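Subject: Structure for your files

Hello,

Please find the structure you asked about below. My notes come after it.

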Amino acid sequence: MKKNVIVCGLIAGLIVSVLMVISIAIYKSTGDFDNGMIFGYASMLLAFSLIFVGIKNYRDKYNNGIIGFGKAFKIGLFITLIASTIYVIVWLIDYYFFIPDFGEKYASYMIEKLKASGASQVEIVKQTKEMANFSEMYKNPIINALFTYLEILPVGLIITLISSLILKRKIKASI
């Protein structure tokens, strides 16, 4: 199980991290953050498809075609944790060494977008204060890492849950 989990976790982490770095480079050069969330979560779904692969591979190759929900969930959870940790580490390196002004640029982008939408001055002032607080808080590596885990872990857990439900098998199916 360990090798299966480690391989799938590393590949998933590599996929999501490489796609994140590419998207950050694109958004940094264009200044357009509009599609970042869509691209980010799509890359997470692509990477976490390895959860399904990892559980199925373990069930079919190492466990005689049988796996319970608990064991399947455990495999998916470990793959999620490995991939998520790689993602967080790559993000922290990218953030602190290459884009330390990301928080300010994103905050500025969001405020400009709010102004363009015709929001009231009260809403703009409120949002400006919230974004300034967030940018300051985000400079703390622990807070930054926690927010980054909150981005990716729920996606992995949902994929793990779905994959575990689909792939659980108490008895070997006869073909």
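Predicted model: local features only at pLDDT ≥ 70, side-chain atom pairs only at ≥ 80, totals over all residues.

Residues are numbered from 1 along each chain as its sequence is written, and side-chain values use heavy atoms, with hydrogens and water left out.

The mean pLDDT (the predictor's confidence in each residue, from 0 to 100) is 89 for the protein, and 97% of its residues reach 70 or more. Confidence is highest in H4, at a mean of 96, and lowest in H5, at 82. Helices are DSSP runs of H or I, at least four residues, numbered from the N terminus.

The largest nonpolar core contains 34 residues. Such a core is a set of buried (under 20% relative accessible area, 1.4 Å probe, protein chains only) Ala, Val, Leu, Ile, Met, Phe, Trp, Tyr and Cys residues joined through side-chain atoms within 4.5 Å. At least two of its residues come from each of H1 (2–30), H2 (36–47), H3 (49–62), H4 (69–97), H5 (102–116) and H7 (141–167). H4 gives the most, with nine. Apart from this core lies another of six residues, including Ala119 and Met131.

Asp34 sits in the loop between H1 and H2. Not counting residues up to four places away in sequence, Asp34 touches (heavy atoms within 4.5 Å) Tyr109 and Lys113.

Regards

Terms used: Buried < 20%, exposed > 50% of the residue type's maximum accessible area, 1.4 Å probe, protein only.
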